[in-house]
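User: I am new to this structure and would like a close look at one part of it, followed by an account of what lies around that part. Please take your time and keep the explanation connected.

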Amino acid sequence: MREGQAFRSARRAREFEAFVAGAGGRLLHAATLLTAEPPDDPPRARKLLTAALARTYASWDRLRGEDPYDCARTELAVRFARGSWHQHRGHGGALAHVPPQERLVLVLRLFEGVGEEQVAALLGLPVERVRALHARAVTLAAGTPGDSAPAAPSPGGTASV
């Protein structure tokens, strides 16, 4: 009985290692964009990713057909969103001048290709709000860090987001 359990545990570890070997770089890139750290030294991104991967590993046996990448990415986004927004101000990365909530929406929508409805459900926001945050994030990301780019108009026609 213990041999079977040891075999399953070893197989689980090998499967997870293979997953991390294949997806770890992309997940670290997403975490680095979220934390807005320089890609050569992203300690906050590594910490965020480590916590997300630990949670994914803990639920590995319960995934049952779910995409482990989606689960890890969701955990990464949720951990970032639940953290205090002020802790995730830019630290010199490419998106450092984009506010954290907009950055989260931008990374999920643009870099990870997650649909508006999925992002809205994940963050508990209306789809219109996600759309407005995404538009503002794209506008800010297109500017330079020193620019004071105007806010993108929201669907209601006002500029406030």
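How many nonpolar, polar and charged residues are there in the lining of the largest pocket?

Analyst: The model shown here is predicted, and what follows should be read with that in mind. By class, the lining of the largest pocket is made up of 1 nonpolar, 2 polar and 5 charged residues. The residues that line this pocket are Gln5, Arg8, Ser9, Arg11, Arg12, Glu15, Trp60 and Asp61, and the space inside the pocket comes to about 150 Å³.

Once its neighbours within four places in sequence are left aside, Leu27 touches Phe19, Leu49, Leu53, Tyr69, Ala72, Arg73 and Leu76.

Helix H3 deserves a look of its own. This helix has 15 residues and reaches 21 Å from its first C-alpha to its last, close to the 21 Å expected at 1.5 Å a residue. Its buried residues are Tyr69, Cys71, Ala72, Arg73, Glu75, Leu76, Ala77, Val78 and Phe80, and these buried residues pack against H1, H2, H4 and H5.

Thr56 lies in helix H2, and Thr56 counts as buried because its relative accessibility is 2%, where the cut-off for buried is under 20%. Apart from neighbours within four places in sequence, Thr56 is in contact with Phe16, Pro68, Cys71 and Ala72.

Leu48 also has its place in helix H2, and with a relative accessible area of 9% Leu48 is therefore buried. Beyond its neighbours within four places in sequence, Leu48 is in contact with Ala31, Leu34, Thr35, Leu76, Arg79 and Phe80. As for Thr35, one of these partners, 13 residues separate Leu48 and Thr35 in sequence, while their C-alpha atoms are 8.7 Å apart in space.

Methods: Residues are numbered from 1 along each chain as its sequence is written. This is a predicted model: local features need pLDDT of at least 70, side-chain atom pairs count only at pLDDT 80 or more; totals for chains, interfaces and linings use all residues. Side-chain values use heavy atoms; hydrogens and water are left out. Contact means heavy atoms within 4.5 Å. On a 1 Å grid over the protein atoms alone, a cavity is a set of points where a 1.4 Å probe fits but cannot get out, and a pocket is an open set with protein on both sides within 12 Å along at least five of seven lines; lining residues have an atom within 4 Å of a point. Grid points are joined across faces, edges and corners, and a volume is the space filled by probe spheres set on the points. Ala, Val, Leu, Ile, Met, Phe, Trp, Tyr, Cys and Pro count as nonpolar, Asp, Glu, Lys and Arg as charged, and the others, Gly among them, as polar. Helices (H or I, at least four residues) and strands (E, at least two) are DSSP runs, numbered from the N terminus. Buried means under 20% relative accessible area, exposed over 50%, partly exposed in between (1.4 Å probe, protein chains only). The expected span of a helix is 1.5 Å times one less than its number of residues.
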